[in-house]
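Here are some notes to read alongside the model, for someone opening it for the first time.

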Amino acid sequence: MGVSRNRTVRDAILLLLGATCMHIASNFMGPFTDNFTGDIIVNTHFDQQHPIHEDTSSSESTLTTTTIHHTVPEIHYHDDDISTTPIPPSTPSPPLHVDLFHELPETTLEAHAPGWTMFRNVYMSNGTLYIVTPKPASSFPDIQFITSTGLAAENTPENIAARMPTAENLDFITPEAAKARWGPMKPEGTNRVWSVEGNTFLFNDPNQFLDHYYHFCAELLFGAWAFWSGAHNAMVEASNPFISSAPPVHRAIFAHTGAEGWRDRPGFNSYFLRAAFPSLTVEIQRDWEDRIASTSSTGKRARAWHFDKLLLADRSASFRGEVCGSTNQRTAGEAYHHMFKAGNLTKYWWEPIRRSVLRFGGVDDYVLDKGIREAASDVATLSKRQDVVITYVSRQGVRRHLIEEDHDDLVFALGELCALNDWELNVVQAERLTKEQQVSLVAKTTILIGVHGNGLTHLILMSPTPISTVIELFYPGGFAHDYEWTTRAMGMKHFAIQNDTYYTHPVNPWVNYPEGFQGTEIPVYAPTVVKIIEDRVAGRLPNSDFFAPIERLNT
Ligand SMILES: *[C@@H]1O[C@H](CO)[C@@H](O)[C@H](O)[C@H]1NC(C)=O
Ligand SMILES: *[C@@H]1O[C@H](CO)[C@@H](O)[C@H](O)[C@H]1NC(C)=O
Ligand SMILES: *[C@@H]1O[C@H](CO)[C@@H](O)[C@H](O)[C@H]1NC(C)=O
């Protein structure tokens, strides 16, 4: 399909799209109409009732007339029902009184990959984490793969050295020495050790990367969840509405950052964290300092905190690993590759988190299930279906962006493509949409397009259907793995476009940030984007083997 360069025809169509847009936009906005601020530039779906049809075999002609009433069964509450289905009483486990224990429980390392370590019975006193063990330190991984000094990273030899952990960060101590240090002062006394019960995530990173939606949600939480659910070999099944069998996470501690340090400006980090883990308690640097101060031993005997189960995440330690350090620069890559290779991550590993966030955002289950429903149909059926939703996240309003004319051409070409196939197109400036609007849009998106940048982070909320795709636009010669690796870890396919050329796993360019990468003159040849979408939807560009070694191309 060619793209018309005829300005007159083209302008007329743009005008037409613009006119349809407001109508459909308000339709799409649904309950958010009141907040609608005119952010959707183009939103065209030629069947405005948007039949989310339940029967995948129904022919196209019936589509335009079928409107699905997604009926929710009416619930009647009778006194009887309530009395016969009582909420089961919670069975409180007795508090863990390590202070009364005769022997201090020994530390075990339950799971480990560079930058990700899950301990049982690990201790902290005066800011040092202690592994209490009769075994030699050499029977544990080198501590540089477990932790760091938590300083911000720079690429200088001095800074690399300054981030290397010492015995002040992590140390080994025998059970006898631990007892001598934190045990009773008198024979009949108790240990000076207090338990932090349940499950803790300890994030040892500075706020250098935490206050960024991509790094916080798509890297730190993505990696933490891969590691946590993998270490517990969590079951996630469609028959059990994708609720993970992994144990609950009770608290997250940000050891080196204040209350603002882990929050991003648009506010997605806190939204995401609270939606994904509603009962999680957050402690920040100040709280960690309280715990440190209360265990330091100036003038008296030291105390220690005992952590029942603790997942320690450390960015610098991940970068010392092979996967993150040498291949894809994703800290989450270490967690994911380790657990996937061990056979401990199911294909639906991320669904529990994705679904929690989308449900919180008001997305209904029918949309949530899109990926699962379509995974069952073959690609030939999919390509005939009309629920392909293309979302182009425009960055024209912010710094790094496309050449204005190339942006216009792209919008025009996508408009034509969608008109021809009766697909839905959304062209949005994310920064002008509410969180709920963004979340509900991405939940139904099949093809996400955008210039390299944070706007693509929403891909972690997409439905992984067999044709789900992320198309990332780079300045010629430019490439980075941020969205590339993450897209594949979701079971979807990624294309890096440099103007009229595309790359997809396992063939990738070298990571490179040439001059112009951050600029406002990024070219894109629209027919290349259109061709990828057509081929992908038609099943001509299937997913690659995740672990196929990357072949680098010089560009
Ligand atoms: C995989 O899960 C099993 C069962 O829970 C666990 O014993 C094992 O340590 C896990 N593997 C890894 C690499 O964590
Ligand atoms: C506590 O930690 C600080 C900082 O690491 C150190 O300077 C101090 O000597 C430690 N105090 C004791 C009593 O170990
Ligand atoms: C982009 O690709 C098109 C089509 O091949 C070409 O005409 C154009 O010159 C290219 N632009 C840049 C900046 O390379």
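1. Start with Arg163, whose side chain reaches the backbone oxygen of Glu154 at 3.4 Å. That is a polar contact, meaning a pair of N or O atoms within 3.5 Å; within protein, one must be able to donate a hydrogen and the other to accept it, and residues adjacent in sequence count only if both atoms are side-chain atoms. Arg163 sits in the loop between helix H4 (157–162) and strand S5 (170–173). Helices (H or I, at least four residues) and strands (E, at least two) are DSSP runs, numbered from the N terminus.

2. A word on ground rules: this is a predicted model, where local features need pLDDT of at least 70, side-chain atom pairs count only at pLDDT 80 or more, and totals for chains, interfaces and linings use all residues. Residues are numbered from 1 along each chain as its sequence is written, chains are lettered from A and ligands numbered from 1 in the order in which they are written, and side-chain values use heavy atoms, with hydrogens and water left out.

3. Leaving aside neighbours within four places in sequence, Arg163 has contacts (heavy atoms within 4.5 Å) with residues including Ser148, Glu154, Ser316 and Arg320.

4. Thr147 is in the loop between strand S4 (128–132) and H4. Thr147 counts as buried because its relative accessible area is 4%. Its side chain makes a polar contact of 3.3 Å with that of Asn204. Beyond four places in sequence, Thr147 also touches Asp314 and Arg320, among others.

5. Next, Val323, in helix H11 (residues 322–328). Is Val323 buried or exposed? Its relative accessibility is 18%, so Val323 counts as buried. Val323 and His337 are 14 residues apart in sequence, with their C-alpha atoms 7.9 Å apart, and His337 is one of the residues that Val323 touches.

6. Ligand 1 is surrounded by Ala111, Gly230, Ala231, His232, Asn233, His338, Met339, Ala342 and Asn344; a residue is near a molecule or strand if one of its heavy atoms lies within 4 Å of it. Helix H7 (213–231) and helix H12 (331–341) each supply at least two residues of that shell. An N or O atom in the side chain of Asn344 is 2.3 Å from an oxygen atom of ligand 1. On its own, ligand 1 has 360 Å² of accessible area, and the protein covers 56% of it. Accessible areas come from the Shrake-Rupley method with a 1.4 Å probe; for residues, only the protein chains shown count as cover.

7. Around ligand 2 you'll find Asn126, Glu168 and Ser297. Polar side-chain atoms lie 2.4 Å from a ligand 2 oxygen for Asn126 and 3.1 Å from one for Glu168. The protein covers 37% of the 360 Å² of accessible area that ligand 2 has on its own.

8. Finally, the overall view: the protein has 20 helices and 17 strands, and 52% of its 555 residues are buried.

How values were computed
Buried means under 20% relative accessible area, exposed over 50%, partly exposed in between (1.4 Å probe, protein chains only).
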